[in-house]
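Hello,

Here is the structure I promised to pass on to you. Have a look at it first, and then read on for what turned up.

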Amino acid sequence: MALSASAQKRSNLVMGNDKLTLRIDMRSSKAEVDSLLKKAGLKGASAAAILKGDFSALQKDGWTTAAKRGNIVEFDRPLENLNKNPQSQPYLITTKIDRDDDESPGYPAEVTYGINNFAKVTVHELPSGITRFFLPGYLPNKRALLSGNFNNWSTLKGIMAKTDSGWIADVKLKPGKYEYKFIVDGHWINDRYNNLVADHDNNSIYFRYNYTFKLNGYANARKITLAGSFNSWDANSIIMEKNGGGWQKQLYLHDGTQAYRFLVDGKWITDPANPNKMQGEDGLTNSVLNLGETVVFKLDGYTDAKKVQVAGSFNNWEHGKIPLVKTKTGWAVSLIIPPGNYGYKFIVDDNWMTDPKNPRNMVEGGVVNSYISVKPNYTFKLSGFNNAKSVHLAGSFNNFDEFGYTLAFDGKEWTVNVNLKPGKQLYKFIVDGKWMIDPGNKLYENNQYNSGNSVLWIE
């Protein structure tokens, strides 16, 4: 028993000096080593193999043997490497939340781009795609929690695990901007090593990256910067970093169409690896990056029309910007559009019209437009009401607009797809002008009109 207790104390995970250190006492039990491997974010590594001296799984994952003293074997991995997160599929938030909207600061405003700024890296991405938050020190304290907009600023969840040098907590995040704080024995504190702080509430800010700009060559260049539509063409704010045979910069970049250029020692160039170009308003050629979902707009017929276009809230309803191409049966165009909910119309020889093949619409500024949801994450369903003339959806996500989103009837139920932000959503159906809560959802809460709202949690 004494030997086991000693082994448990000596097997640990330490963070510091910009590296992660894994210290294993070879006298540990399999359960103790398994627990340690889980903390280190290691998958596929066998505790039994490691205790037999087989460290191949660790080495394959990027760990190097740093020291061996008696029964203690130490492995290192730089935090710098762990923090690199190339373009990848988004990881959905899975933490459940249970606080009322009135108590929640909500989500930060949308931003076009973001770059982290740490005095010492305390938030990094594990190879598994998990985001790890680290709070150095506070070892005499009894409890530490991680609270942020990703768990609705919970004071109950986000329990951090104590290590030899501080506290850690793992969260699944999709790319974007996040605000967070630590709660140590009931006291809220921000991340003192994070130089990005929100104007309100002194919250620390972290960006989960989703894109890497790369420029190969230019080994003799003194300075290369990146500028684009996402940072208002500021030529000094984003400095590229030398990496092997070229330059690169990781950042969070919002979905959409982004124009950009590189500034190499004072001379503007386009991205030689990107064939998509367009001329900017200043007369210079820009590289163009399209991030988002591909959406195909099709209008059958109207083959005698001279021109057909599409416009919507995804391009601020700009007329004449998006022409459709004539096909054998009508007109079509493919667009890259960020996730969201949009209204749109076709423009046939300057005549605006809704999409005749789309039964779903929405009202914007008193005008009826066709409705589309790009990358929806929830489907609202209402069974029955076969004889209803119209069913609409209204909720906290569209300011309870009385016209709402129109549901389509498929013979069995009314449905509409919607892209919703994570968190708590309130909603109601409007059947032939009559407001009602969702009969298929047992979760509801009272409102100021004493008529109730259905409650939906989006993870």
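The second largest pocket has a volume of about 910 Å³. A pocket here is an open set of points on a 1 Å grid over the protein atoms alone, where a 1.4 Å probe fits and protein lies on both sides within 12 Å along at least five of seven lines; lining residues have an atom within 4 Å of a point. The volume is the space filled by probe spheres set on the points, which are joined across faces, edges and corners.

Before going further, please note that this is a predicted model: local features need pLDDT of at least 70, side-chain atom pairs count only at pLDDT 80 or more, and totals for chains, interfaces and linings use all residues. Residues are numbered from 1 along each chain as its sequence is written, and side-chain values use heavy atoms, with hydrogens and water left out.

Back to the pocket: 28 residues line it, and S229, G256, T257, Q258 and M278 are the closest to its centre. Strand 19 gives the largest share of the lining, 4 residues. (Strands are DSSP runs of E, at least two residues, numbered from the N terminus.)

Beyond its neighbours within four places in sequence, T257 is in contact (heavy atoms within 4.5 Å) with S229, V288, L289 and N290. N290 is 33 residues away from T257 in sequence, yet their C-alpha atoms are 4.5 Å apart.

What does strand 19 pair with? Strand 15 runs antiparallel to strand 19, joined to it by 5 bridges, and G228 stands opposite Y260. Two strands pair if DSSP finds at least two bridges between them. Strand 15 (residues 224-228) is largely enclosed by the rest of the structure, because 5 of its 5 residues are buried. I224, L226 and G228 cover one side, T225 and A227 the other. Strand 15 is also joined by 2 bridges to strand 16 (residues 238-239), again antiparallel, with T225 opposite I239.

Best wishes

Key. Buried < 20%, exposed > 50% of the residue type's maximum accessible area, 1.4 Å probe, protein only.
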